[in-house]
Amino acid sequence: ADDDEPVAVLVDGVVDAALSKNLGFSSDRKSWVGSIRDAPPDVLKVMGPLHASLPEVVKEESIPQRVSLGGGALCGLNAACAPDAVVVWVADDADALAVADAARANAPDRVESEAACVRAHVVHARRRAKGAQHARTVISTGAGANAAVRESFVGFTKLDRFSALTNARTTCSVGAGATLTHVLDGNEAEQAHIHHATAVCARDGAFQSRTLSDAGALSRVCVDCDVAGAGAFFDFSGVQLGGSDQNLDLRTALTHSSPDADSAQDIRNVAAENARLVFKGRIDVPQLGQRTNADQLCRSLVLDDGAAVDAMPSLEIVADDVKCTHGATVADLDEESIFYLESRGLARADARALLIKAFCFELVQKTDDMLPRGTLDRLDAKLLEFEERQKNRRGRYSSI
């Protein structure tokens, strides 16, 4: 992190001021980061309702996604048990919003906020070797503002397998013309990890969500976004790397509740040994979501016969003027690509390792300016382990 970047460290769910740095107001007083217990009145006025909110539990069969993501039970459990919460508040930037609005009036393409980016790092650390921790983060990006928040999960102690549970929840609000980049980096090995992130985008706002999942023995990450304003944009990239007998689950639920909005989702899975990876994505376009442009693609590599990937993209469209696509592929590495690299002098094992890395890092590079060198090295090491374990084996090819 930069020297002036706020870093909020929660130990077993409680903000630790001694381990954190640069908490409180920024020097220009345009942002505030810290425990909700210490939030000043003007910040608490905005963040309090967000902190207290729960995902709507929709009972109608036509819109079941919030129930399927576990929003009711798991978020309610987090609300009841979380001992503290990190607040990231970024004030409105009226000047940047006015400039962007003027540019949008003369340009057909998206115009992002030119406001200076406010960066913050939230670290959820576990000290107890057993039991559950309920991590809570609340983020509000004001109109015209620009923010980037990374959440990472680490442990101070070595955990016995399945001895600990993390039930995390993040609530995001993206103001008119604002941009919020949110990165989830889960590095809690040998335990169960559940994370539910929700976001609402106002008009011309952009929510860029990035998820890396590679360490948990059992993991489920759910991202639920409501594109609630005209011209808003949801951009999601997710990477899951599973080996051994890991069970990793990634779910998205997107609602285009306003017209003239866009979304793009790109998911990459790599499964080796006996791992099982799941992606379940849903795009809902009600009658109000006219002129929606939504894309969703899940691509998966299965490196061993014992590994499996379940990909379930889905669309529910009521509006009649939309452009929506979704798809999924499950395969081993392409033999023609391997042959091409071999013809350029690479050994077969090196060619496979390079292709696996390129498959994942195409998405990782979208956010590599927010990821520390240690995270990139960790992902690289796991991909190399995959190749070392199965360099002489090939998974069977299938596609859906």
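## Exercises on a predicted model

Strand 3, strand 4 (31–35) and strand 6 (117–126) each give at least two residues to the lining of the largest pocket. The strands here are DSSP runs (E, at least two residues), and helices are runs of H or I with at least four residues, numbered from the N terminus. This is a predicted model, in which local features need pLDDT of at least 70 and side-chain atom pairs count only at pLDDT 80 or more, while totals for chains, interfaces and linings use all residues. Residues are numbered from 1 along each chain as its sequence is written, and side-chain values use heavy atoms, with hydrogens and water left out.

**Exercise 1.** Find which strand supplies the largest share of the lining of the largest pocket.

*Solution.* Start with the rule: on a 1 Å grid over the protein atoms alone, a pocket is an open set of points where a 1.4 Å probe fits, with protein on both sides within 12 Å along at least five of seven lines, and lining residues have an atom within 4 Å of a point. Next, look at the centre: of the 24 lining residues, the closest to it are S26, D28, S31, C117 and V118. Finally, strand 6 supplies the largest share, three residues.

**Exercise 2.** Work out what kind of aromatic pair F25 and W89 form.

*Solution.* Rings of Phe, Tyr and Trp (its six-membered ring) pair if their centres lie within 6.5 Å; planes under 30 degrees apart are stacked, over 60 edge-to-face, and the rest tilted. The structure holds three such pairs. For F25 and W89 the centres are 6.4 Å apart and the planes at 85°, giving an edge-to-face pair. This pair links F25 in strand 3 (residues 24–25) with W89 in strand 5 (residues 86–90), 64 residues apart. Now check exposure, where buried means under 20% relative accessible area, exposed over 50%, and partly exposed in between (1.4 Å probe, protein chains only). F25 is partly exposed at 25%, and W89 is buried at 12%.

**Exercise 3.** Decide what span helix 6 (residues 348–364) should have.

*Solution.* The expected span is 1.5 Å times one less than the number of residues. With 17 residues, helix 6 should span 24 Å, and its end C-alpha atoms are 24 Å apart, which agrees. Then look for a bend, the angle between axes fitted to the seven residues ending at a residue and the seven starting there. Helix 6 has a kink of about 25°, centred on A358. Among its buried residues are I356, F359 and F361.
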